Amino acid sequence: MKKLIALLLVCAALFGGLYALGLPPFDEESKGRGEASVDANGGTLKNRDGSVVIDVPPDGASNNTRVRFRETSTEEIKDARAVRSIGPAVDVQIISGALKHKETDITLSYDPSQLPKGVGSRQISIAVYQSELGGWVTATDNVTVNSASHTVTLHGAPHYSRYAPVSLDPRKAILKFGPTVIKTIIDRNATVASWFAEAAIKYGEQLIKDLYGVADELHCGNPSKDLSVETRAALRITLEACMNEEEEDSVLKIRNRTALPLRGDIPDGMDINWRRLLANHDDFGQFMQSLAWMPLGQTTVSNASLSDLVVTSEMKSQSTYSVRMDELGWAIDMGIAALGVIQPEVKGLDIVTSRFADEMREATVKSTSKEKMIDGWNEALAKRRGGLKEAAKLATAQAQFATGMSFLNCMASSASNSDRSPSGGYRNVKDLNNKGVKILKDCLNAILGELNLGDMLKSVIGSAKAIPEFLQGQLALQIQPIVDVSTASATVSRFDEQAEIQRFVGEWEAHSATLTINSDGSGKYSYRTYRYCDEVPAGYACDWYSNGRPSTGGEVTFTLDVEASNRAYMVIKSSNSPAEYAVESRIPMRFTEPGVIGYGTEAFNDDPEFGGTTFYEVCDQSRADAGRCGA
């Protein structure tokens, strides 16, 4: 019994000594823990069971550097793209001193029994927790695997935080980016580097196809009565536009009929359509695509979807949105795709509320610089409230948003700084491609380089520079527009009733009719009825002959009621032919071409509200083509 007590006291002392040293006891749960030291001469840092090894070269650490190893959860790896954990994760904490992270290698042990079926050593890597990217990031490069010792090494560790051994997981071969679904294949032929590179290219191609697709037909189901729009085409740049009332917004809807996406400055009196922009919140790529040029006060008009701007109350009488070719939009999309595949998926996070939209808009309007605008957006995101899971998802979304915006700022600023001067231009498609590749490479290296991730993600950065085959053909067909520096435009005008009435003022004539409109909107219409008085039905006017000439027997007076630009009515005030033109009836009227007014029930024959069979035209003979309205 005394021996047993003595043994227990020794064990207690031993365990107490371990705690005094800052080390937990040797139990099953603490095998991956421990502390180790190294000095400037270099050496090896290991946890207690040797499952984590850091190789430090000479001068790779400062003197008296001490590191603590702690096992940590791998739960969040479930949200990482395409991989699963195959061993315990470790949190490497530098207690004192310093490690030159990019000069040190970290080796982790993995459990081969946790490898998915069909997955071998070529599909094994190390994941690093990166708060700036919203979660775990899988290394695609500088990784070696020793299948005999069941270890995996990342050469040039980017920093020291949490690390975990991972492998590709065939069950996660389908990638979801909001509504966008990308199908990939994970088998023995796929390495970690090749899979991530190909996934980035596939996602990039999908985003780019949205730029170069074909949009739906333009339709304004609720046309604005107060605003009108006219478009001006340029060389091979064609726009369609209409004004539509949507909820509380007056929306300028634009359809791009050009082979390349377009880009333009947002003019005074117009703003981003925040309702549409935030409707894409579930799709990181589409969301960031929409935000790309906003810090520079610009926006894009792609091919695949109808784009729009909101006309604000600050617009006085007129505002013009001018656009030109956005030749480098493809490079932005490839960068978005590269960031998208290395960042974890955020599931079920709804950030859209009216208050959030207002805060985002307010941050944009009040900002004096793009940096302050981004800070304001992040503040709006940070104000969101929810439970712990919601908070965790929000933190991930916020991190991805901030990193994405930093990348987009770099791309937009670089592209803007390299924009062609009026006398310049790209010499050819190769010159254009090289320009986009350089800007893209520089920006990805800059953003990921700040996080020390560039070396371990070389394959993904390289894939972003790969110009999709279909895009090269698309650009090759567009050499002339690429060199062209002209702009197309959509000009929105606010309706001015008095100014619109003045457009109709004058003497308008046809073969047997005269329409007179005065500056106060009153008018008179005289016309031949082609009916003789001895056979005219009741309620109809008739013609008679005077000195052998037929009279214009029909006569009405009216006032002009102008509802919108080129949308007016003759409101009949008196009529000698009430069966044709009843008092207070409204006869539609509009310009059918310069110098020609059309009136009658078909005057608005492009509007389903106005159907009918009677339609006449009268001309200002000084402006209309000769003979346009008869002798």
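View 1. The largest nonpolar core has 83 residues, and Ile 106, Tyr 163 and Phe 407 touch the most other members. A nonpolar core here is a set of buried Ala, Val, Leu, Ile, Met, Phe, Trp, Tyr and Cys residues joined through side-chain atoms within 4.5 Å. Buried means under 20% relative accessible area, exposed means over 50%, and partly exposed is in between, with a 1.4 Å probe and protein chains only. Helix 5 (residues 329–342) gives the most to this core, 10 residues in all. Helices (H or I, at least four residues) and strands (E, at least two) are DSSP runs, numbered from the N terminus. A word on the source: this is a predicted model, where local features need pLDDT of at least 70 and side-chain atom pairs count only at pLDDT 80 or more, while totals for chains, interfaces and linings use all residues. Residues are numbered from 1 along each chain as its sequence is written, and side-chain values use heavy atoms, with hydrogens and water left out.

**View 2. Phe 407 and its contacts.** Set aside the neighbours within four places in sequence, and Phe 407 is in contact with Ile 332, Gly 335, Ile 336, Leu 339, Leu 440, Cys 443, Leu 444 and Ile 447. Contact means heavy atoms within 4.5 Å. There's also a second, separate core of 27 residues, and Ile 517, Val 556, Phe 591 and Cys 629 are included in it.

**View 3. The disulfide between Cys 410 and Cys 443.** The structure holds four disulfides, a disulfide being a pair of cysteine sulfur atoms within 2.5 Å. In this one, the S to S distance is 2.1 Å. Cys 410 sits in helix 8 (residues 388–417) and Cys 443 in helix 9 (residues 429–450), so the pair, 33 residues apart, links distant parts of the chain. The torsion about the S-S bond is about -85°, so this disulfide is left-handed. Cys 410 counts as partly exposed at 23% relative accessibility, whereas Cys 443 is buried at 1%.

**View 4. Two right-handed disulfides.** Cys 533 is joined to Cys 542 with S to S at 2.0 Å, and the link is right-handed, with 90° about the S-S bond. Cys 533 is partly exposed at 38% relative accessible area, while Cys 542 is buried at 15%. Cys 619 is joined to Cys 629 with S to S at 1.7 Å; here the angle about the S-S bond is 60°, again right-handed. Cys 619 and Cys 629 are both buried.

**View 5. Helix 13 and what covers it.** Helix 13 spans residues 497–504, and Glu 500, Ile 501 and Phe 504 are buried in it. Seen down the helix axis, the buried residues fall within an arc of 105°, so they line one face; the arc is that of the directions from the axis to the C-beta atoms. Their cover includes strand 24 (506–510), strand 29 (554–564) and strand 31 (586–593). At the start of the helix, a side-chain oxygen of Asp 496 comes to within 3.2 Å of the backbone nitrogen of Gln 498. Just past the helix, Gly 506 takes a positive phi of about 145°.

**View 6. Ser 585 in its loop.** Ser 585 lies in the loop between strand 30 and strand 31. Its side chain reaches the backbone oxygen of Ala 582 at 2.5 Å. Beyond its neighbours within four places in sequence, Ser 585 is in contact with Met 570, Val 571 and Ile 572.

Definitions and conventions
Polar contact = N/O pair within 3.5 Å; in protein donor to acceptor, adjacent residues only side chain to side chain.
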